[in-house]
Amino acid sequence: NGETIEVLKGPASFVFGSVEPGGVINFVTERPLSEPSYELDLRIGNQGLIEPSLDLSGPLTEDGRLHYRLNVLHRREDYFRDFTTDVTRTFIAPVISWQISDNTDLTVSLEYVDSETPSDLGLVAVGDGIADIPFERVLGELDDFNQTELIRVGYDFEHRFSDNWQFRNAFRFTSFDLSSAFLNLGIVDPAGDTISNFFFSDQENNNLELQTNMVGEFNTGAIEHTLLFGFDYFRYANPRLDRISLFPFVTNNIFNPVYGTVPRPERAAATPAFDSENSVEAYGIYIQDQIELADNLLLLAGIRYETVRQELVNNQTLFVPASVRTFNEAAFSPRLGVVYQPIEELSLYG
């Protein structure tokens with residue numbers, strides 16, 4: 001359901017909050033259309049690939065103020081190695097847009113993804129090089145798997161007070177769950193013999209983001225201003241529990257593997273190896289003014305204040321002692337920039 005991808009290079013965290021200093025990738029999803037649209041696709045390929053998809057959109061009311069869009073996809077294909085676990089993926093994304101008034105819009109969206117893939121540890125080194133084994137060979141067990149489930153829900157609200165002033169509010173909640181079970185490949189000796197353990201991992205990633213801002217345009221004499229001010233809130237939690245089966249060990253040879261010699265134990269019977277929860281909470285407030293000094297010269301000035309609290313909790317396991325670490329930070333981030341356009345197609349920013 002991707003419409004466009006926008007790449008903003010540089011330190012864009014002034015406005016967008018807790019992001020990497022290298023920039024922001026903005027993935028713009030498809031929005032409802034004002035005219036009815038119905039699209040059905042079927043993709044078929046080698047490796048047993050079959051992928052039907054559906055894209056429906058149009059108005060829901062006669063006055064055209066309520067629109068919808070629905071993207072649905074299901075994929076099934078064989079993996080390129082000889083796992084018995086297939087690659088499956090189900091995707092559902094409904095969107096509703098409501099033009100509450102001539103100046104007020106609300107869009108509510110949901111995304112759901114459920115997928116399963118083999119848990120593939122990839123290539124393996126023997127001595128000073130890569131093992132000389134067939135490309136399709138499985139180095140774990142044939143039924144090793146990763147299961148993921150993603151739910152993302154949110155809304156975008158915009159109200160235009162006038163042609164020059166508008167209010168925007170956006171909310172997103174994302175929940176990502178991962179459950180995996182695989183044979184954790186041990187050290188490979190020159191003869192290709194290994195000693196391995198069964199490994200289980202369960203982890204969640206829960207993100208909550210809220211952004212609110214006001215944008216306005218006004219003049220002071222002959223100078224034009226675009227004023228932006230607002231605040232944002234971010235919360236992240238990542239509980240994780242890894243388990244390992246210490247006994248019995250699984251011995252195998254990568255050049256002549258025999259699978260299933262040791263039954264996979266129950267997940268709950270395995271020994272906790274790593275049990276933790278990492279959480280982050282951040283608040284930010286900012287103001288910025290874009291000043292047009294001339295047709296080809298802009299001055300950008302602003303300041304952001306942000307507080308961040310992080311807590312990392314490790315519960316007692318066989319391999320990790322119990323610990324709690326907490327970090328609290330707060331900082332002002334000023335910004336001053338100049339944009340110069342020698343020609344309309346080229347902008348220089350410093």
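Tutor: Let's begin with a term: a salt bridge is a side-chain nitrogen of Lys or Arg within 4 Å of a carboxyl oxygen of Asp or Glu. Please keep in mind that this is a predicted model.

Student: What makes Arg240 and Asp242 a salt bridge?

Tutor: The closest N and O atoms of Arg240 and Asp242 are 2.9 Å apart. The cut-off is 4 Å, so the pair qualifies.

Student: Are these two partners buried or exposed, and how do you know?

Tutor: Buried means under 20% relative accessible area, exposed means over 50%, and partly exposed lies in between. Asp242 has 5%, so Asp242 is buried. Arg240 has 30%, so Arg240 counts as partly exposed.

Student: How many salt bridges does this rule give?

Tutor: The count comes to 20. Some of them share partners, and in this way Glu30, Asp55 and Arg69 are joined into one network.

Student: Why is the pair Asp156 and Arg31 called a salt bridge?

Tutor: The N to O distance between their side chains is 3.3 Å. That falls within the 4 Å limit, so the name applies. Asp156 sits in strand β10 (residues 145-160) and Arg31 in the loop between β2 (23-29) and β3 (37-45), so this pair, 125 residues apart, links distant parts of the chain.

Student: What about Asp102 and Arg65, and where in the chain are they?

Tutor: Their side chains meet in a salt bridge at 3.1 Å, N to O. Asp102 is in the loop between β6 (87-101) and β7 (104-117), while Arg65 is in the loop between β4 (49-59) and β5 (66-77); the two are 37 residues apart. Asp102 is exposed because its 56% is over the 50% mark, whereas Arg65, at 26%, is partly exposed.

Student: Let's turn to nonpolar residues. What makes the largest nonpolar core, and which residues belong to it?

Tutor: A nonpolar core is a set of buried nonpolar residues joined through side-chain atoms within 4.5 Å. Here the largest one has 8 residues: Phe145, Ala181, Leu183, Phe198, Phe200, Val250, Val262 and Ala270. A second, separate core has 6 residues, including Val124, Val126, Ala131 and Leu139.

Student: Which residues does Phe198 touch?

Tutor: Leaving out residues up to four places away in sequence, Phe198 touches, among others, Leu183, Val250 and Val262. Arg243, Ile244 and Pro263 are also among its contacts.

Student: Which residues make the nonpolar surface patch?

Tutor: Phe229, Phe231, Ile285, Ile287, Ile303, Tyr305 and Phe332 make a patch of about 640 Å². β13 (223-253), β14 (271-294) and β15 (297-314) each supply at least two of its residues.

Student: Why is Asn278 called buried?

Tutor: Its relative accessibility is 17%, under the 20% mark, so Asn278 is buried. Asn278 lies in strand β14, and a polar contact of 3.2 Å joins its side chain to that of Gln310. Its other contacts include Tyr236, Ala237 and Leu312. Glu311 is a contact as well, with 5.9 Å between the C-alpha atoms of Asn278 and Glu311, which are 33 residues apart along the chain.

Methods
Residues numbered from 1 in each chain as written. Predicted model: local features only at pLDDT ≥ 70, side-chain atom pairs only at ≥ 80, totals over all residues. Heavy atoms only, no water. Patch = residues over 30% accessible without salt bridge, like charges linked within 9 Å, V, L, I, M, F, W, Y side chains within 5 Å. Areas by Shrake-Rupley, 256 points an atom, 1.4 Å probe, with all protein chains shown as cover. Helix = DSSP H or I, 4+ residues; strand = E, 2+ residues; numbered from the N terminus. Buried < 20%, exposed > 50% of the residue type's maximum accessible area, 1.4 Å probe, protein only. Contact = heavy atoms within 4.5 Å. Polar contact = N/O pair within 3.5 Å; in protein donor to acceptor, adjacent residues only side chain to side chain.
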